[in-house]
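Here is a short note for a colleague who is meeting this structure for the first time. Please read the points below with the model open beside them.

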Amino acid sequence: MDADSPLPADTPQLRRQRTARLAELAGEARGQQRVAAFAVALSGIGVIAQAGLIAWLVQSVFIAQRPLAGLLAPFAALATVLLARLLLSSWAQHAAGAVADVARRSLRAGVYRQLMARGPLWLRGQRSGELGELLLAHGEALEGYYTGYLQARVEVAVVPLAILLAIFPLEPVVGVILVCTAPLIPVFMMLVGWGAEAAGRHQLQSLARMGGHFADRLKGLGLLRLYGRGEAELAGIQAAAEGVRVRTLRVLRIAFLSSTVLEFFASASVAMVALYLGLGYLGMLGGHGAGSLGIGVFCLMLAPEFYGPLRRLAAHYHDRANALAAISEVDRLLGPAPVPASGGAAEAAARELEPAEARGPLLAARHLRLRPQGAGSDVVTDLSLDIAPGRRLALVGASGSGKSTVLEALAGWLPPQAGRIVQRPGLRVGYAGQRPYLFHGSIADNLRLAAPTASTQRLQAVAEAAQVMRFAARLPQGLDTVIGERGFGLSGGEGRRIALARLLLREPDLLLLDEPTAFLDPDTEADLLDALGAFARERAVIVATHSAAVQTWADTVVALPARGVAVEEPA
């Protein structure tokens, strides 16, 4: 979805659902939320005691002419109130920060679970940089909501009402002014906030697009330089960065506009209170508004505090908009997981792999009908297999006949359109595809992804079995030689052998191998098959291949013809 394309219709129901999601994210920290709310409310109410003490001291010193020596107790009480408010604010911020940390972790864990549930086939077609932003920028966008907006909302619910209850018995007219002017702020806050949320969603989309664009170009930096595309791609990154700048400024423009409007109404309201009190003291209101100086100071000090929570809520309303925009972007990029075609057979196939008897085959497939992800038609229409321990099975057929699709289905990545897959409880399945992902780091580091605590001797053994040492021994540092992202610097066959060694390190019960001997010379292929046969004596191996040597090595060959009906025959 382009960052400039229209956003989906945003309804009150959707906003309520996203708000409920935000509450669920912090569900494990509800105790900390209550602590933060209690501390914020108590600190807000403390401003009334603070203003009362200051007003009493002003009345005592300037009107009653009391000596300062006799006012030590009120001064001490004022210092105590100020210190208590400071401690309560610090306590609230600490608790709110803990809530934000829990929410960020929950969001990232949920995104990670959704990514894992979608599986490698879906991830293969996505931009990793854009998905990475879901775990980074979108998670950080939640912090202001929990540390700012929720605290301001508690203040708005408690402090203005407490101030009105304190002012009305002393100066009812001031209370009426506050009551009449207060609704203006929430109204403008909502009007501006809706625009801020839309702008924030656009800005997050643009940021995610730029992150994906930059990450993808960074991964292919070597190839870009090799083909002289560096300057052109740099211009693309600059254009993406410019888009982020423009959308960020739009968000800031709305924020500054809303702050200006809200400050104007709050300042005008406080000025009305000050004007009323001043005219009263000058005797220009016919005897009204002529309370004591202390009462006037008390009301005048509380008037800004009455609007303070509303102004802070308005300022943090953008944090709410950003948090809702982040949830919206997670839904936009991930959305509901795709499901197979409807029907009784498809619904049965969509279930998790069913357990088989412990003494039965490792895995059995019954009348599978398979369709590659995103394809419009089936490539395999009727496939049945029984995979027993020690069995070597070769899948053969022309390119496009569905060999890789069968492996993906047996690995549990691709739900069949019809049929079912039954596996032994606790079965460990290992898959090595045609395009294995190798990370920037040493060959040993890439192998240890399968077993982080594996010893050097164990790494050496699997590297020998997978014929990695045939080329690693010639490298400057052997298995400690650093390779580039996606195996940059290695040939396709060398990358597949590293992936196979990584798979052997996991010691799976069933090995699913997609063209493991492609690009190998006959001697290396023969040695690899001998080592693989020794490793898989008590395990099963299914190999998708075009190689005649692999077909000879296998004890069963399953041909996948163009019509999609598998034919099983002895090797």
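1. A residue is called buried when its relative accessible area is under 20%, exposed when over 50%, and partly exposed in between, with a 1.4 Å probe and protein chains only. Helices (H or I, at least four residues) and strands (E, at least two) are DSSP runs, numbered from the N terminus. This is a predicted model, in which local features need pLDDT of at least 70 and side-chain atom pairs count only at pLDDT 80 or more, while totals for chains, interfaces and linings use all residues. Residues are numbered from 1 along each chain as its sequence is written, and side-chain values use heavy atoms, with hydrogens and water left out.

2. Strand S4, which spans residues 392-396, is mostly covered, since four of its five residues are buried. With strands taken to pair if DSSP finds at least two bridges between them, S4 runs parallel to strand S10 (residues 540-544) and is joined to S10 by four bridges; here Arg-392 stands opposite Val-541. Four bridges also join S4 to strand S11 (residues 556-559), again in parallel, and Val-396 stands opposite Ala-559 there.

3. A nonpolar core is a set of buried Ala, Val, Leu, Ile, Met, Phe, Trp, Tyr and Cys residues joined through side-chain atoms within 4.5 Å. The largest such core has 40 residues, and those with the most contacts inside it are Val-468, Leu-479 and Leu-513. Helix H17 (residues 492-506) gives the most to this core, with six residues. A second, separate core of 30 residues includes Leu-134, Tyr-149, Leu-150 and Ala-152.

4. What does Val-468 touch, leaving aside its neighbours within four places in sequence? Where contact means heavy atoms within 4.5 Å, the partners of Val-468 are Ile-443, Ala-463, Leu-479, Arg-497, Ile-498 and Ala-501.

5. His-367, although not a glycine, has a positive phi of about 50°; His-367 is found in strand S2 (residues 363-370) and is exposed, with a relative accessible area of 52%. Glu-507, also not a glycine, has a positive phi of about 55°; Glu-507 lies in the loop between H17 and strand S9 (510-514) and counts as partly exposed, at 32% relative accessibility.
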